[in-house]
Amino acid sequence: MAQAIRQPEADIGTRLHALRKQRGMTLEQVASDAGLTRGFLSHLERGGTSASIGSLYRICDSLGVEIAVLFEPTGGTLTRQGTREPSY
């Protein structure tokens, strides 16, 4: 059985969608802040298209996150800032 090929656009879109929802923002709010259309952002979140690095920077700015968040490995345990135990 052949495995499906993972598309990085889908991972970025999924992360953008989750970040937007966590912040209680609508597609229209983020799109407007980033100078993009609501349709483009929706398509991006669903993995149907890719975005330029400039667009990703503007979207992340609107969401209040660093662009690196989109490329960090997933699957680990998330810890709220300020509740993390020292690692030393």
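User: Which pattern does the chain follow, read along the sequence?

Analyst: This is a predicted model, where local features need pLDDT of at least 70, side-chain atom pairs count only at pLDDT 80 or more, and totals for chains, interfaces and linings use all residues. Residues are numbered from 1 along each chain as its sequence is written, and side-chain values use heavy atoms, leaving out hydrogens and water. There are four helices and zero strands; helices (H or I, at least four residues) and strands (E, at least two) are DSSP runs, numbered from the N terminus. Along the sequence, this gives the pattern α-α-α-α.

User: What percentage of the accessible surface of the chain belongs to carbon and sulfur atoms?

Analyst: Accessible areas come from the Shrake-Rupley method with a 1.4 Å probe, and for residues only the protein chains shown count as cover. The surface of the chain comes to about 6600 Å². The part that belongs to carbon and sulfur atoms is 51%.

User: Which residues does Leu70 contact, leaving aside neighbours within four places in sequence?

Analyst: Contact here means heavy atoms within 4.5 Å. Leu70 is listed with the residues that have the most contacts inside the largest nonpolar core. With those neighbours set aside, the partners of Leu70 are Ile12, Arg15, Leu16, Leu19, Leu56 and Cys60.

User: How many residues apart are Arg20 and Glu45, the pair that links distant parts of the chain?

Analyst: A salt bridge is a side-chain nitrogen of Lys or Arg within 4 Å of a carboxyl oxygen of Asp or Glu, and a search of the whole structure finds two. In one of them, the side chains of Arg20 and Glu45 meet with N and O at 2.7 Å. Arg20 belongs to helix 1 (residues 8-22) and Glu45 to helix 3 (residues 38-45), a separation in residues of 25.

User: Is Glu45 buried or exposed?

Analyst: Apart from residues up to four places away in sequence, Glu45 touches Gly13, Thr14, Leu16, His17, Arg20 and Leu27. Its relative accessible area is 9%, which falls in the class called buried.

User: Which helices does the salt bridge between Arg38 and Glu28 tie together?

Analyst: In this pair the closest N and O atoms are 3.8 Å apart. Arg38 counts as partly exposed because its relative accessibility is 46%, while Glu28, at 53%, counts as exposed. The two residues are 10 apart in sequence, and the pair ties together helix 3 and helix 2.

User: Within what arc do the buried residues of helix 3 fall, seen down its axis?

Analyst: The buried residues of helix 3 are Leu41, Ser42, Leu44 and Glu45. They line one face of the helix because, seen down the axis, they fall within an arc of 160°. The arc is that of the directions from the helix axis to the C-beta atoms; its value here is 160°.

User: Which residues are exposed on the other side of helix 4?

Analyst: Helix 4 has Ser55, Leu56, Ile59, Cys60, Ser62 and Leu63 as its buried residues. These cover an arc of only 155° around the axis, which puts them on the same side of helix 4. Exposed on the other side are Ile53 and Asp61.

User: Which residue with a positive phi follows helix 4?

Analyst: Just after helix 3, Gly47 takes a positive phi of about 80°. After helix 4, a positive phi near 75° belongs to Gly64.

Methods. Buried means under 20% relative accessible area, exposed over 50%, partly exposed in between (1.4 Å probe, protein chains only). A nonpolar core is a set of buried Ala, Val, Leu, Ile, Met, Phe, Trp, Tyr and Cys residues joined through side-chain atoms within 4.5 Å.
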